[in-house]
Amino acid sequence: MLSLSHVNKAITVECRSVRIILSRKGFDSSSGGHPSPVLPDGKMLSLPVPGDWETLTYSDIIEPGGKSYAEILADLDSGAKKEREAVHLDPDLAPGVRKRPPNWLPAFGQGMAAETHLENQGVSRGDLFLFFGWFRHTEEVGGSLRFHGDGNGFHAIFGYLQIGNVIRASGDAQLPIWLNDHSHAYAAARKRSNNTIYVAAPKLGFHPSCPGAGVFRFDNRKMLTKHGEIKSRWNLDPKIFRHVKISYHSENSWKDGYFQSAGRGQEFVIHADEKVIEWASSLIRDANLWQH
């Protein structure tokens with residue numbers, strides 16, 4: 001096991017094994033009903049699910065090309081209007097998609113059973129979230145965005161966040177001012193006794209030249225789905241992953257030629273060894289980030 005005593009100047013963690021969390025986020029078949037787009041220039045635009053209590057709307061979030069998420073959804077949903085629909089922008093990784101207060105940092109919130117699972121797995125400062133979701137390539141047709149080609153899309157890793165701070169955000173807990181409009185800072189979220197916000201480290205501990213959080217442009221290394229298979233059948237290398245613990249999975253998850261990912265669970269926690277850490281590190285180190 002690779003243990004870290006100092007992740008970077010901003011983080012000091014106890015000497016222990018590192019946890020890498022594959023965290024399922026964005027549109028799926030029940031929330032949104034279709035994949036998130038890989039834009040023609042390669043940006044992976046994870047579409048956040050509709051909100052329950054937020055005031056932020058899809059019109060308030062702007063991708064770097066100038067279109068709001070509401071406009072993108074109108075293209076992909078054949079004109080469906082979502083300008084006033086509330087949005088759960090979480091994880092919130094890309095600084096340029098909306099106005100930000102001073103000292104803003106990327107952050108991700110969790111609560112209820114999913115947060116209990118993270119706690120039971122010992123997730124804490126220095127651990128690394130790799131966010132994945134359901135994606136499909138797109139193209140521009142007559143000025144509008146359309147899904148490209150056939151198929152039902154694939155699972156791919158679209159971003160990351162290394163934990164720099166863990167904040168229990170329940171009840172009357174005091175939060176930094178810049179976090180006040182995060183989805184898990186609203187009163188409705190604070191009613192959950194284990195409502196928690198994970199704040200990004202300033203720099204990636206494995207490679208301090210990289211930011212502590214970011215969003216990827218697509219390349220084939222970000223794909224989890226095995227080529228030609230349904231999206232839940234993953235192309236994990238058994239030489240790297242077969243001998244490490246992955247929560248919600250077992251030895252039976254390894255099939256003939258693919259890894260069958262679990263249909264339940266938002267976070268799959270990998271108790272990483274040196275090979276897994278190098279795999280995750282290289283995904284970020286060699287990545288072309290579109291927002292960080």
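Leaving aside neighbours within four places in sequence, Ile20 is in contact (heavy atoms within 4.5 Å) with Leu128, Leu130, Phe268, Val269, Ile270, Ala272, Val276, Ile277 and Ala280. The model is predicted: local features need pLDDT of at least 70, side-chain atom pairs count only at pLDDT 80 or more, and totals for chains, interfaces and linings use all residues. Residues are numbered from 1 along each chain as its sequence is written, and side-chain values use heavy atoms, with hydrogens and water left out.

Ile20 also belongs to the largest nonpolar core, which has 72 residues. Such a core is a set of buried Ala, Val, Leu, Ile, Met, Phe, Trp, Tyr and Cys residues joined through side-chain atoms within 4.5 Å. Buried means under 20% relative accessible area, exposed over 50%, and partly exposed in between (1.4 Å probe, protein chains only). Among the residues with the most contacts inside this core are Leu128, Phe129, Ile157 and Tyr160. Strand 6 (residues 154-168) gives the most to it, with 7 residues. Strands (E, at least two residues) and helices (H or I, at least four) are DSSP runs, numbered from the N terminus. A second, separate core of 10 residues includes Trp178, Leu179, Ile197 and Val199.

Helix 2 spans residues 112-120, and its Ala114, Glu115, His117 and Leu118 are buried. Seen down the axis of helix 2, the buried residues fall within an arc of 155°, so they line one face of the helix. The arc is that of the directions from the helix axis to the C-beta atoms. On the other side, Met112, Ala113 and Asn120 are exposed. The cover over the buried residues includes strand 1 (19-24), strand 4 (128-141) and strand 12 (267-271). Just after helix 2, Gly122 takes a positive phi of about 80°.

Helix 2 also gives the largest share of the lining of the largest pocket, 4 residues. The lining divides into 19 nonpolar, 12 polar and 8 charged residues. Here Ala, Val, Leu, Ile, Met, Phe, Trp, Tyr, Cys and Pro count as nonpolar, Asp, Glu, Lys and Arg as charged, and the others, Gly among them, as polar. On a 1 Å grid over the protein atoms alone, a pocket is an open set of points where a 1.4 Å probe fits, with protein on both sides within 12 Å along at least five of seven lines; lining residues have an atom within 4 Å of a point.

Asp60 lies in the loop between strand 2 (36-38) and helix 1 (69-76). At 38% relative accessibility, Asp60 counts as partly exposed.
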